[in-house]
Amino acid sequence: MAARIDAATPADRDRAVDALRAFAILGVVLGHWLVTALVAEGGTLRTDSPLRSLPWLAPVSWVFQTLAVFFLVGGHTATAGLASAQARGVPYRRWLAARLTRLWRPAAAMLALWAVVAALLLATGAEFTTVRTLVKLALSPLWFLLVFAGLTAATPLLTRLSPLWPLAVVLHVDLVRFGLGGPSWLGWVNVAAGWLVPYTLGAAWTRGELEGRRAGWALLAGGAVAAAVLVAGAGYPASMVGVPGAEVSNLDPPTLAAVAFGLAQCGGALLLRGPLRRAMRRRPVVWAGVAVANLSAMTVFLWHQTALMATTAAALPAGPLPGLHTRPDDLRWVAARLVWLPLFALGLVMCRSAFHGFESRGRRERRGRGVLRGRTGGDSRVVRVRRPAEVTGGGSATAAGEVGRRA
């Protein structure tokens, strides 16, 4: 299968883009699974985090909070895809509709299921607090979709925008909030401005302005130093994810420290492009895994919290289990949580099997017409898909054909 996927991949496809996207999704999933606790107390479930009781674990969030990389890749693929569509005469509305459909079709399935689950839980006498906790956790990935969809829609306006402009907005918003005692609601401006920074860096990548290693090193070093100074000298939290009960969150909404940290991540991602390209070409098995992961990226992102909750709920009859239902206040909880990760992964695989059809429906329709479009950079081409009879195993046929299209 790996050899077939490798052979079906267009020669000019930038495999580093897919590898970085897969890395970003994996980071988000593992990060949530490591720091999200559902504590069973008095018949109710509430969310907690080991970062509240064990703040010295904050470096864990530095490794797994990879959203900036996702927005970097998203900005790059969106601007490249728009340029390709314009070159082929595809109207903006049609291009946007196709991209938003890929985002929101799997989200609609999740919303529908959780509406039914919430109604059933309430009808069977579940505590409202528990239901609210579960629904809030399950739907938490949707904030990302709203922001990403908005930036995608604004892509024609962002193709030439310098990242310095949204960075300046974040700087001034934080200055007013924290330095001048301004209103806390002002921070929500950074939900757009903060993620515009890596998104417009992705546009600069498309324009060819970040090809040299100097740009990557400048972003990595400058962002890391700025984040360290802001945490150590300006009182920003060390954790790059939200911590229940904390007065200030670096992520909700994004702060200047989170944006600086994201710049460092983007610099690291840019420096990894060359090594990743070589690794993906030399190791077809690794590339096959990356390609298949990309085909399910949105399904994995949307359902990973549901997989965690399903595992937690299924084990409730066994009583409070360490690392699953107990308070995350010591290293024993951390060790126990690591043991549960394979079961979370199994639950996610089951969710992927059940709901991936909503993400792949459009691709199946295009396969029925016998072609799939592939996009990398500003180029567009048509990649013929082998009929299922030509490739043994449905998964092989799917991955080999679809990987040439996903952007």
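How many salt bridges does a search of the whole structure find? The search finds 12, where a salt bridge is a side-chain nitrogen of Lys or Arg within 4 Å of a carboxyl oxygen of Asp or Glu. Before we look at some of them, a word on the source. This is a predicted model, in which local features need pLDDT of at least 70 and side-chain atom pairs count only at pLDDT 80 or more, while totals for chains, interfaces and linings use all residues. Residues are numbered from 1 along each chain as its sequence is written, and side-chain values use heavy atoms, with hydrogens and water left out.

## The chain as a whole

The chain holds 17 helices and four strands; these are DSSP runs numbered from the N terminus, with helices being H or I of at least four residues and strands E of at least two. Of its 407 residues, 51% count as buried. Here buried means under 20% relative accessible area, exposed means over 50%, and partly exposed is in between (1.4 Å probe, protein chains only). The accessible surface comes to about 18200 Å², and 66% of that belongs to carbon and sulfur atoms; the areas come from the Shrake-Rupley method with a 1.4 Å probe, and for residues only the protein chains shown count as cover.

## Salt bridges

Side chains of opposite charge can pair when their charged atoms come close.

| Pair | N to O distance | Relative accessible area |
|---|---|---|
| Arg 46 and Asp 48 | 3.3 Å | Arg 46 25%, Asp 48 7% |
| Glu 209 and Arg 207 | 2.8 Å | Glu 209 47%, Arg 207 23% |
| Arg 273 and Glu 211 | 3.6 Å | Arg 273 3%, Glu 211 45% |

Let's take the last pair, Arg 273 and Glu 211, whose closest N and O atoms are 3.6 Å apart. This bridge links distant parts of the chain, since Arg 273 sits in helix 13 and Glu 211 in the loop between helix 11 (189-206) and helix 12, 62 residues apart. Arg 273 is buried at 3% relative accessible area, whereas Glu 211 is partly exposed at 45%. Elsewhere, salt bridges that share partners join Glu 41, Arg 46, Asp 48, Arg 52 and Arg 327 into one network.

## Inside the fold

His 304, in helix 15 (residues 297-314), is buried, because its relative accessibility is 0%. Which residues does His 304 contact, leaving aside its neighbours within four places in sequence? They are Val 28, Val 29, His 32, Trp 33, Pro 141 and Leu 348.

Val 241 lies in the loop between helix 12 (213-233) and helix 13, and at 18% relative accessibility it counts as buried. Not counting residues up to four places away in sequence, Val 241 touches Leu 51, Ser 61, Gln 65 and Leu 251.

A cis peptide bond joins Asp 252 and Pro 253, with omega at about 5 degrees. Most peptide bonds are trans.

## On the surface

A positive patch is formed by Arg 213, Arg 278, Arg 282 and Arg 283. Patches are made of residues with over 30% relative accessible area and no salt bridge; like charges are joined within 9 Å, and nonpolar side chains (Val, Leu, Ile, Met, Phe, Trp, Tyr) within 5 Å. Lys and Arg count as positive and Asp and Glu as negative, with His and the chain ends not counted; a charge is placed at NZ of Lys, CZ of Arg, CG of Asp or CD of Glu. Arg 278 lies in helix 13 (residues 256-282) and is partly exposed, with a relative accessible area of 45%.

Leu 343, Leu 346 and Met 350 form a nonpolar patch, with about 300 Å² of accessible area together. Met 350 belongs to helix 16 (residues 331-368) and is exposed at 55%.

Leu 120, found in helix 6 (residues 92-123), is likewise exposed, at 54% relative accessible area. Leu 120 and Val 131 stand 11 residues apart in sequence and 10.0 Å apart in space, C-alpha to C-alpha.

Methods: Contact means heavy atoms within 4.5 Å.
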